[in-house]
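Subject: structure handover

Hi,

Here is the structure I promised to pass on.

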There are 2 protein chains.
Amino acid sequence: VTGRTETICVVGLGLMGGSLALALREASGAHTRIVAVTRSAEVLQQALAVGAIDRGSLDLADGVSGAHTVILAAPVRAILRLLPGVGEFAARGTLLLDLGSSKAQICAAMADLPDGLQPVGGHPMCGKEVAGFASAEADLFRDRPFVLCPLPRTDPEALNRAFTLARSIGARPLVLDPAVHDRAVAGISHLPYAAAIALINCVAQADDPIAWSLASSGFRDTSRLASSEVEMMLDIMLTNRVAVIDWMEQYAAQFRELMAALAAGDEMRLRELLAGAQRTRAGRIS
Amino acid sequence: VTGRTETICVVGLGLMGGSLALALREASGAHTRIVAVTRSAEVLQQALAVGAIDRGSLDLADGVSGAHTVILAAPVRAILRLLPGVGEFAARGTLLLDLGSSKAQICAAMADLPDGLQPVGGHPMCGKEVAGFASAEADLFRDRPFVLCPLPRTDPEALNRAFTLARSIGARPLVLDPAVHDRAVAGISHLPYAAAIALINCVAQADDPIAWSLASSGFRDTSRLASSEVEMMLDIMLTNRVAVIDWMEQYAAQFRELMAALAAGDEMRLRELLAGAQRTRAGRIS
């Protein structure tokens, strides 16, 4: 694209879209023009003020129509609602990428887009439990996996553009099948969220002010994901329901096994379960 | 104690005992002498080298006999094993404090100590998932609750000394009944640990390298407690078994309720559970 201006349109300027705009701004030269579409004039003003974007629009057709690349940064079901409009307004050859946290339903919907569009499902594996443009940061994607799910119809050249874009913001692009992605993130992201929700609701139901007053960093960290944005997580859980339920059943079985060993006072089995988890985590999580 | 030297003997120089020695050293003047007893000559050398202690001993009788205050900083069942020896070697009037994470069994055992001793169960609500003197830090207790469980036999003056000691290291002392303490920490500390263990063991059993490779900060934080020292946690779980099992049952019920709402695709109920947890956490955890 040397010599001509490339326009990237980011739809949504929350934590993910805002961070992406900031990261693209840092990564790209004067030949990249960043346009954003949101429903909030105030957020557009903020993004313009910090130089994250070149132009803002409250209108999807207006933002999308002149772009070479469109990136949808919204909750999963909002992305599903946006797709037909993007299909209608985007020019032929446009690379369409999204940042939604479950991929099977989005990729299935992308298959119905007009032929000329080049869709690639995307999911950068990063986040914070705080939402909104005010929490956005250019470094959010750095050294994090960025899953890409091309469709059978996607041109290799378009996938290559998505790959280059992910690399340009410091992420590690990784091509995965949507179902493989959804099953994996159900285990390492949606299941931990469910565990955090159950933990908070359990302590809430006990209604013990002393318990809350003694809560320390261990409780804070274990429950952190329960502070995630509700609408975003609701969309994720509902669109990835089958995989999440499957992991939840396996988790419940592990939890029951731990409970049984403790209830029986079976010290040897209990030590195995605790030491096994400690060893696994030491080997897997840095 | 102005005008005379006070000797404090810390038994155990792991994360908690080491941090306590460092904190006492910072808080106290030249009239406080800090003695440590451990099983490791190497750790004693390290503690002497950084000036955390004035004297080290590998012998419990030697360390305890000249002390005005003895603090047991070891796993719960190790504390239970140490108590008879401390009862034998400590001088009349000695304040005996411990830092064990469950209190009912320790306080019950303290009741059998010789009359002259002044026992107070203790539990500073802080910690890290890293163990050992190398991880110790003087600020560990700062602004954290420090639970104190006096026995019916404990002189108010001795409780007052424990209170002053907790204050001197920056902690917030708080007097609680052992059973009330054990029930509260089962919910906000031992239950989250169990949830973290089940989470790691669940993902381990699935044996999906892609899942591990996509794990991000959310998984890392939710599972952090699974890296806690196994022997310490085993002692806690086994000595606080009844309260922990009770919380685990309530947690399993909350988890099942969440799973049922998701399996049924009951969006309204699911939103209630997620939003309720988010709201509760925002109000309770800073």
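A residue is called buried when its relative accessible area is under 20%, and exposed when that area is over 50%. Keep in mind that this is a predicted model. With that cut-off, strand β7 of chain A (residues 145-150) is mostly covered, as five of its six residues are buried.

That strand is a handy place to start in chain A. On one pairing, β7(A) runs antiparallel to strand β6 (residues 118-124) of chain A, and five bridges join the two. One pair to click on there is A:Pro124, whose bridge partner in β7(A) is A:Phe146. On another pairing, β7(A) runs parallel to strand β8 (residues 172-175) of chain A, this time over four bridges. Here A:Val147 stands opposite A:Leu174 in β8(A).

The chain goes from β7(B) by way of helix α6 (residues 156-168) of chain B to β8(B), in a right-handed β-α-β crossover. In this pairing, B:Pro145 has B:Arg172 as its bridge partner in β8(B).

Now a few single residues. Which residues does B:Asp221 contact beyond its neighbours within four places in sequence? They are in chain A: A:Asp221, A:Thr222 and A:Arg224. B:Asp221 itself is in helix α9 (residues 217-223) of chain B, and it counts as buried because its relative accessibility is 17%, under the 20% limit.

B:Val35, in strand β2 (residues 32-37) of chain B, is buried as well, with a relative accessible area of 2%. Leaving out residues up to four places away in sequence, B:Val35 touches B:Thr7, B:Ile8, B:Cys9, B:Val10, B:Arg55 and B:Gly63. If you want a distance to check, the C-alpha atoms of B:Val35 and B:Leu80 are separated by 21 Å, and these two are 45 residues apart along the chain.

Lastly, two backbone angles to check. Most residues other than glycine have a negative phi. A:Asp143 has a positive one, near 65°. This residue is found in the loop between β6 and β7 of chain A, and it counts as exposed because its relative accessibility is 52%, over the 50% limit. B:Asp207 is not a glycine either, yet its phi is positive at about 55°. B:Asp207 is in the loop between α7 (178-206) and α8 (209-214) of chain B, and with a relative accessible area of 55% it is exposed.

Cheers

How values were computed
Residues numbered from 1 in each chain as written. Chains lettered and ligands numbered in written order. Predicted model: local features only at pLDDT ≥ 70, side-chain atom pairs only at ≥ 80, totals over all residues. Heavy atoms only, no water. Pairing = 2+ DSSP bridges. Right-handed = clockwise from strand over helix to strand, strands pointing away. Buried < 20%, exposed > 50% of the residue type's maximum accessible area, 1.4 Å probe, protein only. Contact = heavy atoms within 4.5 Å.
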